[in-house]
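Thanks for coming, everyone. Let me put the model up, and then I'll walk through it.

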Amino acid sequence: MKHVSILVLETSIPACLVDPRYMFTAINNFLKIANLQPAFSVKLVGLTEEVKLHDGLISIHTDALLKDVKKTDLIIIPALSGPIQTAIKKNTDFIPWIIDQYKQGAEVASLCIGSFLLASTGLLKDKSCSTHWLYANEFRTMFPDVILTDDKIITEQNGIYSSGGATSYWNLLLYLVEKYTNREMAIMASKFFLLEMDRGSQSQFMMFKGQKEHDDLPILKAQEFIENNFAARITVDELADTFGIGRRTFERRFKKATTNTVVEYIQRVKIEAAKKQLESGRKNVNEVMYDVGYTDVKAFRDVFKKVAGMSPVDYRNKYNK
């Protein structure tokens with residue numbers, strides 16, 4: 001039997017406590033119906049017997065105190081709410097315990113932006129990690145030594161797991177169920193909870209806002225120029241000349257400020273504009289392609305699929321009524 005410790009953090013998202021508990025106990029029930037032994041012993045673990053969340057509107061009563069849990073097999077770090085730095089500071093007492101348990105052989109899984117607390121342990125150094133796409137830039141700034149794969153639903157490396165944004169943690173829970181039990185139980189859970197199995201990317205849900213939380217003014221102006229002229233054929237040389245910066249210096253500063261190359265940024269701006277038209281407009285894919293500055297159907301389709309995780313036609317069929 002696997003011992004699962006769901007951490008009741010200060011400022012936890014309540015669903016990220018309740019849902020994992022529900023998932024693992026449901027699997028135990030499925031096994032019981034099949035006359036098999038339960039697979040999981042699940043406990044809500046906190047620093048106190050009661051943790052108040054959402055400004056005191058919700059109270060979570062823990063099953064065990066952190067200091068009393070000497071050994072566990074799987075640690076679930078729930079998503080946090082509120083300002084990230086504040087949330088991490090409120091939960092620093094959990095960090096040494098997580099590190100110690102991992103060294104003893106426990107596996108660790110973070111849900112959504114619980115990844116920030118996981119990364120604060122140092123266990124993710126030089127490892128891959130997923131998080132909510134909206135927080136990707138903040139994560140990269142805070143943890144430059146972590147390899148953020150912000151398009152992935154699930155990452156796994158050396159017994160450390162992470163999930164993408166919001167409800168994608170259900171896919172990580174399914175993944176863990178399959179790992180600790182079998183495929184049959186995972187399929188049963190997917191049907192019971194109405195979950196799509198083996199979903200690998202959150203790209204189709206990502207909205208590109210541009211990375212502007214930096215103080216390089218010429219690069220900010222270049223970003224605004226790209227966003228205001230996305231339908232034009234913009235080259236790196238033209239941008240560098242426009243803002244009076246040598247090409248190599250311009251490319252280096254642009255990548256440092258935005259984490260994207262200039263070409264990647266231009267592509268993402270164009271595809272974001274295309275997505276909006278495909279979601280709500282009446283134009284066909286070719287018309288949208290021309291509107292955002294592409295003339296080559298294959299090139300547009302390839303870039304769109306790379307950025308959005310599906311073809312323009314599939315995207316339009318999915319989101320346009």
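Two notes on ground rules. This is a predicted model, so local features need pLDDT of at least 70, side-chain atom pairs count only at pLDDT 80 or more, and totals for chains, interfaces and linings use all residues. Residues are numbered from 1 along each chain as its sequence is written, and side-chain values use heavy atoms, with hydrogens and water left out.

The whole chain, then. The protein chain has 14 helices and eleven strands. Both are DSSP runs, numbered from the N terminus: helices are H or I with at least four residues, strands are E with at least two. Along the principal axes, the C-alpha atoms fill a box of roughly 65 × 40 × 35 Å.

How much is buried? Of the 321 residues, 49% count as buried. Buried means under 20% relative accessible area, exposed means over 50%, and partly exposed is in between, with a 1.4 Å probe and protein chains only. The chain exposes about 16,300 Å², and carbon and sulfur atoms supply 51% of that. Those areas come from the Shrake-Rupley method with a 1.4 Å probe; for residues, only the protein chains shown count as cover.

Next, contacts, meaning heavy atoms within 4.5 Å. Take the contacts with a separation of 6 or more: residues 24 or more positions apart account for 62% of them.

Charges next. There are 42 positive and 38 negative charges, and their mean positions are 2 Å apart. Lys and Arg count as positive, Asp and Glu as negative; His and the chain ends are not counted. Each charge is placed at NZ of Lys, CZ of Arg, CG of Asp or CD of Glu.

Now the rings. A pair of aromatic rings is described by the distance of the centres and the angle of the planes. How many aromatic pairs does the structure hold? It holds 20. Rings of Phe, Tyr and Trp (its six-membered ring) pair if their centres lie within 6.5 Å; planes under 30 degrees apart are stacked, over 60 edge-to-face, and the rest tilted.

Look at F254 and Y265. Their ring centres are 5.2 Å apart and their planes stand at 85°, so this pair is edge-to-face. F254 belongs to helix α10 (residues 247-258) and Y265 to helix α11 (residues 262-280), so the pair ties together parts that are eleven residues apart in sequence. Both F254 and Y265 are buried.

Now Y315 and Y319. Here the centres are 4.7 Å apart and the planes at 45°, so the pair is tilted. Y315 and Y319 are four residues apart in helix α14 (residues 312-319), a separation of about one helical turn. Are they buried or exposed? Y315 is buried at 2% relative accessibility. Y319 is partly exposed at 29%.

There is also a cluster. Ring pairs link Y22, F30, Y169, W170, F192 and F193.

Two lysines sit over rings. That takes NZ of Lys or CZ of Arg within 6 Å of the ring centre and within 35 degrees of the ring normal. The charged end of K270 is over the ring of Y294, 5.9 Å from its centre. The charged end of K318 is over the ring of Y319, 6.0 Å from its centre.

Last part: single residues.

D126 is not a glycine, yet has a positive phi of about 65°. You'll find D126 in the loop between α4 (115-120) and β8 (128-129). D126 is exposed, at 53%.

N158 is not a glycine either, and has a positive phi of about 55°. N158 is in the loop between β10 (154-157) and β11 (160-163). N158 counts as exposed at 53%.

T121 is also in the loop between α4 and β8. T121 is buried, at 10%. Leaving aside neighbours within four places in sequence, T121 is in contact with I95, I98 and I99. T92 is 29 residues away along the chain, with 9.0 Å between the C-alpha atoms of T121 and T92.

R183 lies in helix α7 (residues 183-192). R183 is partly exposed, at 36%. With neighbours within four places again set aside, R183 is in contact with E178, M197 and D198.

Finally, D241, in helix α9 (residues 236-242). D241 is exposed, at 62%. D241 and K275 are 34 residues apart in sequence and 30 Å apart in space, C-alpha to C-alpha.

That's the tour. Over to you.
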